[in-house]
Amino acid sequence: MGLRPGPAAVYGFPWPAAGNAAIGLDALSAFFLVPIFLFGGLGSIYGLGYWPQARHPGSARRLQTFWGLAVAGMGLLLVARHALAFMLGWEIMALSAFFLITAEDREAESRRAGFIYLIATHLGTLTLFGMFALWRWATGSFALEPIATGAAGVGVMNALFFLALIGFGLKAGVMPLHFWLPGAHANAPSHVSAMLSGVMLKMGIYGLVRFLFLLPDPPAAWGGLVLVLGASSGLLGVVFAIGQHDIKRLLAYHSIENVGIILMGLGLAMLGRSAHRADWLVLGLAGCLLHVWNHSLFKSLLFLGAGSVVHGARERRIDLMGGLAGSMPWTAAMFLVGAVAICGLPPLNGFVSEFLVYLGLFGTAVIPGAKVSAAVAAAPVLAMIGALALACFVKVYGMVFLGTPRRPDSAPARESPVGMLAPMLPLALCCVLIGGVPALLGPVLDAAVAAPALAQFDALPPVLALAPLGAVGLASRMAIAVIACIAAFQYLRARRIRRAPTWDCGYASPGPRMQYSASSFARTIESMFAWALRPRERAPRIEGPFPRNASLESHVDDAVLDRLIVPAARGTRRLFGWFRRFQQGLTQQYILYVLVALALLLCTLIPFGDLISRLFGR
Amino acid sequence: MVDTVIHVALLFLLPPFLLGVINKTKAKLAGRVGAPLLQAYFDIAKLARKGFVLSGTATWVFRAGPAVALSAVAAAGLLIPFGRFDAPIAFAGDLILFAYLFGMARFFTMTAALDTGSSFEGMGASREAAFSCLSEPALFFAFLVLAKLSGSLSLGKMLMVSPESFASGAAAPLILISLGLFVILLAETCRIPVDDPNTHLELTMIHEAMILDHGGPWLGTILYASSLKLFVLVAVLANVIVPFRTGKAWLDWPIFVGETLALAIVIGFLESAMARLKMRRVPYLLVSAILFCGSAFILLVR
Amino acid sequence: MPDLLNAVLVVVLVLNLFALGTSRLLAVIRIVAVQGALLGALPLLIHDRPSLSVAAAALAAVALKGFAVPSIMMRALRDAQIKREVEPLIGLLPSIVLGALATALALLFSGQLQLSDSRTSALIVPASISTAVVGFLLLTTRYTAINQAVGYLVLENGIFIFGMLLVEAIPLVVEMGMLLDLLVGVFVIAIIANHINRAFSSMDTRRLASLKE
């Protein structure tokens, strides 16, 4: 209902301390609400199977409660048209997420990740408080309405932009503000990770889209900055993903990459606003919003699949898995759908949103006769991101599901129960549907794009006029048909297949340990990008003609967290250690401080000048 | 209509002939007689007659690999124009579909390689992954130059670079991207100097390593698909390098076929003259391709 | 009746010095009880015609400060079986000197603060400030939990005296709230004292610092 184009419906409700608050539903909010409610429901069903009450008596009920609270918080912040209602929803969501992340609070890793998340989210909240305070000062009210042109000065506009970028960027996971993301998403239970990656990151994106479109007359530098941030997030996110060994941490870094792609679309849209080019705006924003939906679909699917894998194999490290497609066929199939979708490959939905962004980026260059915008250089960067994502997901899929198990002594994996498989199916079907019939989304995207952008442009060209989604859909449908035919054909010929051991150029006795492992697969790309990744390696020391058993370990830490923030924090702690002498833990000392402060304050009331003159100068 | 039929027929029938031409060129330059020109057709037919043998660890993904790779490359072939004849399927932005169809073929070939659970296939897949992430940006830079020159985003119009563009200031960028596209061609089809299609040393292979466990009809499909890929990329390059065309249809088709065969001979020449690069130098070659295409773009928009 | 008021305030000031001067915990509790009861009854002395609410408040204050709170503290004391304060930070004689000094300074300088008007007694502000300072003194220099509670009570008394200035303006609810605050505070301190005693076999609150790390 909300997705129909047209003016928004706004309802006021009284909030005595802050003027009247207002909530309203327009097409943009409705667009973002769809994945929240879809995944809120599916994830809860998954959680029943994944985190059953019987096995986790302490945390299961808490998990369900905070799940509901998080969904409610997100819903509130999406419909809020008043700054304080927005912050209320935001804080409810952020704090519920903290409790969700630390569901396994017996693990030290989980606690650490939860605390880093808490610090990051409160930094973001503080920045947002600053932004809203400035908003109130600049516009005189807390209502979230577009600011009129020229109503506030350039300095205020820039300050609002940067505060919004930092505050929402911390939540969305833009590099370099992503440092909390890998730990939090890796250590949370899988359906919680799915919601965090798939839905909660998008709240940061929603905030950016909503606020940046409320500010009038953006300079081109803003759009350029967002585009550059998006490109670097995308590239570095996927490069870090390739170096990870833990399946959930890897998927978390891919979320950073996809947020980068979303920001590229948003940057293009902002450039379109500055240059008054409606086609850039429509293509960029439509690509951004469609990728929001697509990412929430396939990332949730991938995390649920990863949860299934972790549940079945009881292991999170890719290098110890293998051959799970035999024992977990349904999970393998759904994970393949998710992997193909996230790489942006043709018949599925990832291709459609990346297509829109590409068209927009190419469009900045192909204007006959006009100067070319530097934004077009982002198109090859996006191509590189796509190729790297493809490499990474081939690695994950191949190492986890294909080949032979790398630890043959462990118990075989079990397929997940139906309760866990069932929620993955609608997500996979939606991926195929959006990929096969993208033209259906044309009107929806038009409404969602028009909602924030109509303040500046009178009429926006519809998405279907700018991008031939119908043709893309036709090509995808034909591809799916061909694949289905081939599959049927092969299935009918299946009886005539003879099985033999892997030939591998004539190796007599291949073993599971001889398979290529995930870190070996990623080694070439890791060495190409070693300047960014800075892997830590512990090489074996081999001495003598009969050396003892040795092992090689290599880790890719998060560069921002482990190389920048943690050393800086340690240094600050050492610096402030000097102040520890004032904190002995004795109540008496603290009361003395209160007395001294009180005496000083009282003394400011005493007019010392007259007193001295009266005492001494008779 | 007739053109479309000829287009599709050429697309599906000519590619193995290119392989024969390349091998015959190499043989002649080495002083041998070499295999017949139609050898590739005989090989594919022979393989199609054989039975299916599947590795014990392989799943349905292995069987899907060759089929999906073939369909993707064939679909990509339908997107490009041959000579002055339009592509059967064209819409704005189909260059992105072209690149990503190759990506899809690559995805399924690599997963089929990993499905066998052997180390050599993993090696080949890992190298293919690493090199593809360097060739994709180069390809997109080249497409950018073509798009700017032609003012359109459809491959059909982009690749029909008219002779006038050569004469006007666009000659230098076009030459640079021709070089870049040639390097991409060699990398994507795994020819010398990137990879040797005749080697049997697993430790040095890229493409050949990935298909070690494919046998029978699957190997035939893979062989046919790789020749299709070669043909498609040669056609793209031919359109860029040799934009001469007369107005007459009966003359232009042979001109186009001649162009592709000439390029195949050049590839054969290069394969005989050069040795394959050391594996760790290949990224430098690909980065130079990116630099060629990138500088072409900068030259164009300066 | 300003004379009666002044007399009571002077008695309060003297009681302060007594509280500072003794190290026997039972005696300190009794002194503070008397001080509290006196102050509780003070509103009846200030108003010419006390209304029902004022009388009720005064009665509640006397009952609480004079009987309920001291009995809680004496019970805690009996359970712990401690009779004397441990060695305070400043000795007893120096404490008395400091307290007297604070009273003198308050008397001299509170006129500068210009807080009171001429209608009520001129001793209210200095008395409140000096009682508050004596309370702080007890809080910062004594280590037994009971003595800390006593210091807290003396501080509350000082603030209550200050409240006399606004005696018409304090609604009944606020008055009751202050008393409740007091009661709860002492309750909590008694419980803590009990726990400290059980954990460390002494009521020395410095032992609590071991919880810091």
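Student: Which residue follows helix 2 of chain B, and what is its phi?

Tutor: Helices are DSSP runs of H or I with at least four residues, numbered from the N terminus. Helix 2 of chain B is followed by G31(B), whose phi is positive, near 85 degrees. This is a predicted model, in which local features need pLDDT of at least 70, side-chain atom pairs count only at pLDDT 80 or more, and totals for chains, interfaces and linings use all residues. Residues are numbered from 1 along each chain as its sequence is written, while chains are lettered from A and ligands numbered from 1 in the order in which they are written.

Student: How many residues of helix 2 of chain B are buried?

Tutor: A residue is buried if 20 or more other C-beta atoms, placed from the backbone, lie within 10 Å of its own. In helix 2 of chain B, twelve of the 15 residues are buried, including F17(B), L18(B) and I22(B).

Student: Which helices do those buried residues pack against?

Tutor: They pack against helix 3 (39-49), helix 11 (217-241) and helix 12 (249-273) of chain B.

Student: Which pair of chains has the most contacts?

Tutor: Two residues are in contact if their C-beta atoms, placed from the backbone, lie within 7 Å. Of the two pairs of chains that touch, chains A and B have the most contacts. No contact joins chain B and chain C.

Note on methods:
Helix = DSSP H or I, 4+ residues; strand = E, 2+ residues; numbered from the N terminus.
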